[in-house]
Amino acid sequence: MLEKTIVVGPFQCNCRIWVCPRTGECVVVDPGDESARILKELQGLRTPAGTPVTVKYLLHTHGHLDHIGAAGPLRN
């Protein structure tokens with residue numbers, strides 16, 4: 001499992017990206033803000049074999065704005 005943490009937004013939420021190194025599918029946990037920054041990070045990620053990363057799931061630990069703010073743009 002590949003893991004990346006990005007601190008986003010004014011409340012400094014930890015947005016985590018977990019990637020399957022075999023398939024390149026990933027889950028983004030708590031995308032609270034800064035969707036463009038998160039998307040840029042995702043576009044730069046590759047598996048060890050060079051496969052680009054694709055978002056499979058968006059997960060939220062809870063529904064506060066600082067944990068869900070970038071979910072819509074990431075989903076689209």
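**Figure 1. The side chains of Glu34 and Arg37 meet in a salt bridge, with 3.3 Å from N to O.** A salt bridge here is a side-chain nitrogen of Lys or Arg within 4 Å of a carboxyl oxygen of Asp or Glu. Glu34 is partly exposed at a relative accessible area of 30%, and Arg37 is partly exposed as well, at 34%. For these labels, buried stands for under 20% relative accessible area, exposed for over 50%, and partly exposed for what lies in between, with a 1.4 Å probe and protein chains only. Before you move on, please keep in mind that this is a predicted model, in which local features need pLDDT of at least 70 and side-chain atom pairs count only at pLDDT 80 or more, while totals for chains, interfaces and linings use all residues. Residues are numbered from 1 along each chain as its sequence is written, and side-chain values use heavy atoms, with hydrogens and water left out.

**Figure 2. The protein as a whole has 3 helices and 4 strands.** Helices (H or I, at least four residues) and strands (E, at least two) are DSSP runs, numbered from the N terminus. Along the principal axes, the C-alpha atoms fill a box of roughly 35 × 20 × 20 Å. Of the 76 residues, 32% are buried. The protein exposes about 4,700 Å², of which carbon and sulfur atoms supply 55%; such areas come from the Shrake-Rupley method with a 1.4 Å probe, and for residues only the protein chains shown count as cover. Among contacts (heavy atoms within 4.5 Å) with a separation of 6 or more, 54% come from residues 24 or more positions apart.

**Figure 3. Strand 1 and strand 2 form a hairpin with 4 residues between them.** Strand 1 covers residues 2-8 and strand 2 covers residues 13-19, and the two pair in the antiparallel sense over 7 bridges. Two strands are said to pair if DSSP finds at least two bridges between them. Take Leu2 as a guide: its bridge partner in strand 2 is Val19. In the turn, look for Gly9, which has a positive phi of about 75°.

**Figure 4. A salt bridge links Glu3 and Arg16, with the closest N and O atoms 3.8 Å apart.** Glu3 lies in strand 1 and Arg16 in strand 2, so this pair ties together parts that are 13 residues apart in sequence. Glu3 counts as exposed at 51% relative accessibility, whereas Arg16 counts as partly exposed at 31%. A search of the whole structure finds 4 salt bridges, including this one.

**Figure 5. Glu25 forms a salt bridge with Lys56, the closest N and O atoms being 4.0 Å apart.** Glu25 belongs to strand 3 (residues 25-29) and Lys56 to strand 4, so the pair ties together parts that are 31 residues apart in sequence. Both ends are partly exposed: Glu25 has a relative accessible area of 35%, and Lys56 has 45% relative accessibility.

**Figure 6. Thr47 and Val53 are found in the loop between helix 1 and strand 4.** Thr47 is buried, at a relative accessible area of 4%. Leaving aside neighbours within four places in sequence, Thr47 is in contact with Leu2, Cys20, Pro21 and Gly24. Val53 is buried too, at 13%. With neighbours within four places again left aside, Val53 is in contact with Val19, Gly24, Cys26, Leu42, Leu45 and Arg46. Pro73 is 20 residues from Val53 along the chain, and their C-alpha atoms are separated by 17 Å.

**Figure 7. His64 is found in the loop between strand 4 (54-59) and helix 2 (65-68).** The side chain of His64 makes a polar contact with the side chain of His62, at 3.1 Å. A polar contact is a pair of N or O atoms within 3.5 Å; within protein, one must be able to donate a hydrogen and the other to accept it, and residues adjacent in sequence count only if both atoms are side-chain atoms. From C-alpha to C-alpha, His64 and Ala36 are 20 Å apart in space, with 28 residues of separation in sequence.
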